[in-house]
Structures are given as structure tokens and as C-alpha cells.
Amino acid sequence: MKADPRSEIAAAPAVGRVRGNGPAVGRVRGPGLDDRRTTLDDRRTTGPDGRRAAPGVYLGSAHRRRIRRRRALLVCVLTAMLLASGTVVTAAVLAGRFDRAVNHADLLGDARSGPHQAVAGPLNFLLIGSNYRAWDPSNGERADSILIVHVPRSMDRAFLVSVPRDLYYTIKPYPPTHFGGSTEKIDAALNFGGMPLMSQSVADLTGLRFDGAVEARFDGFTKAVQVLGGVDMCVDEKTVSIHIGHDKSGKLATPYTETEAEPIPVPGVTPQVYYPGCQHLAAWQALDFVRQRELLPNGDYDRQRHQQQFLMAVLKQTTSAGTLSDPVKLDRVLQAIGKSLTVDTNGTSVADFIFALRGIKADSLVGLRTPSHPEMIGDTSYVIGDPDMDELWQAIRDDTLADYAAAHPQDVNSLHNAVPAARK
């Protein structure tokens, strides 16, 4: 009998490099950059919260960072949309418990918008998925997921805009941590200056100021999906896992080995495969599914779409599978998520945000990708913005994202066809 890997999903080794749009592997290379491994001896990384990796540890440890990659994005967005969709508006006590469960800190620094008399659109929130683990601080901290949530003036929908973490970008100096600035992947800003530098970098990139921010770890989301008992969704393309498989005896095994190019199959190991069609995914399957990109035709762009589809499915299930009528279960979900979050509400109470955003439902989410493409600079894969990337940022600033999405259908991720019809 095959081993059930639901408890091993977080510990499964991540392997391989993506074609074209791959993660940082410890080298900071490109025009004007040194060809060397970046260590914390070279750049101090103490953030405002005092977290810091040990000196001499490679920042780009792809073998370890991949394990925790991307799930933090889902923690961020699920939490924001659960609150925004009104799922806790009917229970103020749960909102209070959630507010007490999260950590509060200054995440935005100078990237925050002005003070609000009342919560009114348009609003922009910055959601960062961090790969930091409290029990493993030696690996440093980078932003594995960068997401802008735009709520228009109508306050009846939300646009999820993914910013590529591998975007080739000049990060400004940050004196509080003695960081002198560099041109590399934008995700490194979190390691060099914590959330204030990460927020400032995204603000400089987009020309936005943010009304709130969330930094999240994947821990809580893993527990939340387990509480929900998995999720129903429609897989839109064959997806082969490079992380989980089984050998001939049914024992859990890693199906691919890590290489400098593409994942290489391990003889005698059969990978987990997710076939197209509507199905129920156990928690370990769902979390494994949304990690995959190496063997997908469009790499990380396909994974971004799958994550947004997964988010839609989780929200649908949360609001239709009895969770709302079970305050104990809902509380368990929110507590699991809340404990993995650090939030900055820019002086507005969580309760006020919940009430103001109550009209946003799962069906009103719109997923967008940033116009960009992967490109090799030296031997490192970066993401380069396309000419119309600035048009996207302008549309957010002008609160015209609906018009932008209509004019750029190629950048809209299909979310709603990934959710099975409601069960009768």
C-alpha cells in the first residue's frame, strides 16, 4: 500500500531548476554585479524586528528555500479575502480573536498612504509571503511571494496582481541595516532591510502607496487547509510533482533529483500526478499541486494561475461547506492563519476593515499577472518587465484595472472555471 505523504509534504526535498524563470540559487550576477556567492558577511540583514540569519550562510540556498516556497502567498490572500468576503462579519468575537492572534508591526515604513478618516476605496494592500522560519533562522529571509490587492472605489471586488519575485530590479540603499543597494531580484529586499525595504521597493516600482500590509508564513495555511479537510477544485492541465512520489514498494520517495538545468527522473520512482478534471484534493495534495512549476509549459506563470485558482476553490469551500455555520471550525481556521501573520493596518482597526470590505465575495476576485518574461543574465534567470508593465501600474494608480483587464485578456488568470459546481 502506498504511503500517505500528507505529513511529509512540508519535509519533502524540493529539487530542480525551472526553465527560464528559476529561483535564485545564491549567485547575484548581471551587468555591474560581482560574480560571487552572496553571504550575510557581505550584506547585513538585521531587520526592524531583530531577525537575522547567521553570518556566512548562503542566501540562495535553493535546496532548502523551495520547501517553503509560495504557500505563504496563499496564507496572505486567503486571510485577506476571508475577512473581506464577510465570513467573519457576523461574528465580531471571531474578528477580535483573529486580531489578537496576529502580530502587529510597522511593515510599510514610508510606503504607507496617508491616514484615513474612513475606510473607502480605492485601496491597495501589499501581501508578502516570507520564507522565514523561526526554528531555522540561519537561512535568512526572502520574499517568495509578492502580491498587490487592489480594491476599487466601488468596494465590490478585488484584483490580485502578482509581482514576479525574480524581477530584475535596483534595490535602493537602506542605512538602518547598512545595506548599500544592489541590482538583482526584487525578492532580496526583504532579506536586506525587512518589510520596510520590501514595501519601499514595491512602492518605488509601482508608484503606489499602501493602505495596509501583511507578511505571512506558510505554517498557518497548511493547518487551515487540514481543518477544511482538503479542497474541491478543477485541475486545468496535467501536473507532475517533482517533490512527491513512491517507489515500487509504495514507500514515499523523491521522484526527481536536483540539477543545474532540469529535474532528472529517479529510476524506479513514480511521481504524484494531478490529471485534468474536477476532483477532491487532500491537504497534502493541494499544497503539493500549487508548488509545481518546473515541468509546466509556462513555468512560474502557470503556478501563479494555479495558486489563484486554488485560492478561489478554498474560499468557495469555506463559504459553502458548512464552515460559516460552525463557529468553532471557523475559529480554528482563522487562528491557524492568524498566528502566521504580521500585519500593518495603517492605523485602521481590523474590525473597520472587515466591515468596509464585507461586499467582496470570492466570485468577484480577478487574478492578473504582471506583463513580463524570463531572461538569462549571465547564468542566472531573471524576470524582465515588458513595455506595458508600467501601464498596469498606472491602471492601479488610476483605479482603472477593470478597463485594463478588458484590454489585456492575455494577462487575466482564469479563476472561476477551476471550482467544481456546488454539490447538491
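Visitor: Does Phe192 count as buried or exposed?
Guide: The relative accessibility of Phe192 comes out at 0%. Buried means under 20% relative accessible area, exposed means over 50%, and partly exposed lies in between, with a 1.4 Å probe and protein chains only. So Phe192 counts as buried.

Visitor: How many contacts beyond four places in sequence does the model have for residues 1–74?
Guide: Over residues 1–74, pLDDT stays under 50. Where pLDDT is low, the predicted coordinates should not be read in detail. With contact meaning heavy atoms within 4.5 Å, the number beyond four places in sequence for residues 1–74 is 235.

Visitor: What kind of pair do the rings of Tyr168 and Tyr382 make?
Guide: Searching the whole structure gives 3 aromatic pairs. Rings of Phe, Tyr and Trp (its six-membered ring) pair if their centres lie within 6.5 Å; planes under 30 degrees apart count as stacked, over 60 as edge-to-face and the rest as tilted. The centres of Tyr168 and Tyr382 are 4.7 Å apart with their planes at 70°, so this pair is edge-to-face.

Visitor: How many residues apart are Tyr168 and Tyr382?
Guide: Helices (H or I, at least four residues) and strands (E, at least two) are DSSP runs, numbered from the N terminus. Tyr168 belongs to strand β5 (residues 168–171) and Tyr382 to strand β18 (residues 380–385).

Visitor: What is the angle between the planes of Phe179 and Phe192?
Guide: These two residues form an aromatic pair with 4.4 Å from centre to centre. The pair is stacked, and the angle between the planes of Phe179 and Phe192 is 20°.

Visitor: Which helix holds Phe192?
Guide: Phe179 lies in the loop between β5 and β6 (182–185), so its pair with Phe192 ties together parts 13 residues apart in sequence. Phe179 counts as buried, at 2% relative accessibility. As for Phe192, it lies in residues 189–206, which form helix α4.

Visitor: Which residue has its charged end over the ring of Tyr301?
Guide: A charge sits over a ring if NZ of Lys or CZ of Arg is within 6 Å of the ring centre and within 35 degrees of the ring normal. Lys185 lies over the face of Tyr382, 5.7 Å from the ring centre. Over the ring of Tyr301, at 3.9 Å from its centre, sits the charged end of Arg369.

Visitor: Which residue forms a salt bridge with Asp344?
Guide: A salt bridge is a side-chain nitrogen of Lys or Arg within 4 Å of a carboxyl oxygen of Asp or Glu, and the structure holds 12 of them. In the one formed by Asp344, the closest N and O atoms are 2.7 Å apart. The partner of Asp344 is Arg112.

Visitor: How many residues apart in sequence are the parts tied together by Asp344 and Arg112?
Guide: Asp344 lies in strand β15 (residues 341–344), and Arg112 in the loop between β1 (103–104) and β2 (123–130). Asp344 counts as buried at 7% relative accessibility, whereas Arg112 is partly exposed at 25%. The separation in sequence is 232.

Visitor: Which strand runs parallel to β4?
Guide: In strand β4 (residues 158–162), 5 of the 5 residues are buried, so the strand is largely enclosed by the rest of the structure. Two strands pair if DSSP finds at least two bridges between them; β4 pairs with strand β3 (residues 143–151) in the antiparallel sense over 4 bridges. Joined to β4 by 5 bridges, the parallel strand (residues 365–369) is β16.

Definitions and conventions:
Residues numbered from 1 in each chain as written. Predicted model: local features only at pLDDT ≥ 70, side-chain atom pairs only at ≥ 80, totals over all residues. Heavy atoms only, no water. pLDDT = per-residue confidence, 0-100.
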